[in-house]
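Have a look at the model first, then read on.

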Amino acid sequence: MNFEVKLNDLSRALDKDRLFILEVTEKLIDNGLLVLGPMVRKFEKELSEFLNIDGVITVASGTDALEIALKACMPSGKRTVLTAANAGGYCSVAAVRSNFEVVYADIDPNTQSINLESLEDSISDEVGVVVVTHLYGLATDITQIVDYCHTRGIAVVEDCAQALGAKLPNGKFAGTQADVGTTSFYPTKNLGALGDGGAIFSADKEILDKVKKLRQYGWGNKYEIDISAGTNSRLDEFQAGILSFRLKSLESNNQVRRNIISRYRNASLNTSICVFPANDSSHTGHLAVATSNNRTVVRKQLSELGVQTDIHYPVPDHLQQGLFNKTGTGLPITEKMSSQIFTLPCFPELTEAEISHVEACLRNIQ
Ligand SMILES: *Cc1c(COP(=O)(O)O)cnc(C)c1O
């Protein structure tokens with residue numbers, strides 16, 4: 001088989017958007033403004049209208065968004081973040097960079113997101129912020145988690161770097177159910193820039209005010225530092241111009257991704273693997289993730305048939321030696337899932353021939 005289906009191929013969207021990328025570049029030269037200018041303000045407004053939330057503030061990456069969000073909503077006197085350990089380590093890195101402690105709760109095997117009972121078991125008086133990640137694109141309703149946390153003075157952050165545009169049955173978008181939402185515009189995300197970028201959203205004026213200061217040295221007015229722990233985390237005009245353009249096709253691209261995942265799921269129904277569903281608009285179809293009890297063999301078979309796969313993510317945060325210099329255990333569902341999951345190719349520019357090829361390969365998995 002000389003057919004190769006890549007996990008992702010960013011050059012296709014770049015090529016499709018070529019004319020517009022050149023147009024943004026010309027606008028940039030004409031405007032002569034490069035960072036936090038009119039294109040950034042325009043994009044922030046467009047994203048806030050799209051998400052139906054008052055305040056959107058862009059930053060330089062999704063990890064920065066998490067770090068700034070954690071700092072902005074950590075109650076005074078507390079310094080512990082509670083999150084799930086299956087979401088790629090970004091939240092843990094942001095917490096460690098903020099000088100906060102991290103503790104973990106286990107996940108719900110149906111949503112891959114934090115489980116309320118496990119959260120209740122792991123909570124302590126030290127915890128000031130809970131971070132929920134809407135993993136692989138599935139937005140989960142976190143009303144119960146938010147209620148539980150708010151009665152205890154704990155803030156809730158929603159990381160929707162993989163779920164931007166996912167809409168819950170109650171009409172709310174992922175990232176707008178709690179105190180703060182964060183996202184990333186890393187090129188492989190559903191709304192991807194041509195470099196790094198991120199955003200923070202909130203309806204809370206006090207939090208927004210802090211976020212705005214933290215993204216630029218802690219400044220209140222220019223050159224006047226109001227609060228400490230500020231950083232330099234700004235979005236470029238160029239990236240904002242690209243993101244404004246790409247935001248218009250976010251919903252239709254999410255639909256294309258969902259269709260691909262549904263086709264994979266149907267193709268593998270009578271096999272030993274299970275593709276997680278992405279049925280409706282509560283899912284952005286960010287990643288096509290499947291489970292197998294025999295992952296190494298299945299991935300090898302697929303690879304020999306020209307289908308690239310990857311694992312999101314192979315090492316749960318609590319087992320990351322380099323981050324904590326210690327090994328933990330005790331998150332049975334997280335650990336089991338991380339040994340079974342693997343990711344199939346899914347991006348809007350996949351061709352019909354490529355999707356059909358993956359379907360055919362999946363049907364033949366033993
Ligand atoms: C990609 C990602 C991030 C980090 O975003 P960067 O822009 O790469 O820093 C954080 N959280 C989740 C869930 C992500 O998928």
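Buried residues, meaning those under 20% relative accessible area with a 1.4 Å probe and protein chains only as cover, make up 55% of the 366 residues in the protein chain. Please keep in mind that this is a predicted model, in which local features need pLDDT of at least 70, side-chain atom pairs count only at pLDDT 80 or more, and totals for chains, interfaces and linings use all residues. Residues are numbered from 1 along each chain as its sequence is written, and side-chain values use heavy atoms, with hydrogens and water left out.

The protein chain holds 14 helices and ten strands, taken as DSSP runs (H or I of at least four residues for helices, E of at least two for strands) and numbered from the N terminus. Its C-alpha trace spans about 65 × 55 × 40 Å along the principal axes. Of the contacts (heavy atoms within 4.5 Å) with a separation of 6 or more, 70% are between residues 24 or more positions apart.

Now to the sheet: β8, β9 and β10 form an open, antiparallel one in that order. Strands count as paired if DSSP finds at least two bridges between them. β8 and β10 are at the edges with a single partner strand each, so one side of each has no neighbour in the sheet. Four bridges join β9 to β10, and among the residues of β9, Val289 has Thr343 in β10 as its bridge partner.

| Strand | Residues |
|---|---|
| β8 | 274-275 |
| β9 | 288-291 |
| β10 | 341-344 |

Notes: Buried means under 20% relative accessible area, exposed over 50%, partly exposed in between (1.4 Å probe, protein chains only).
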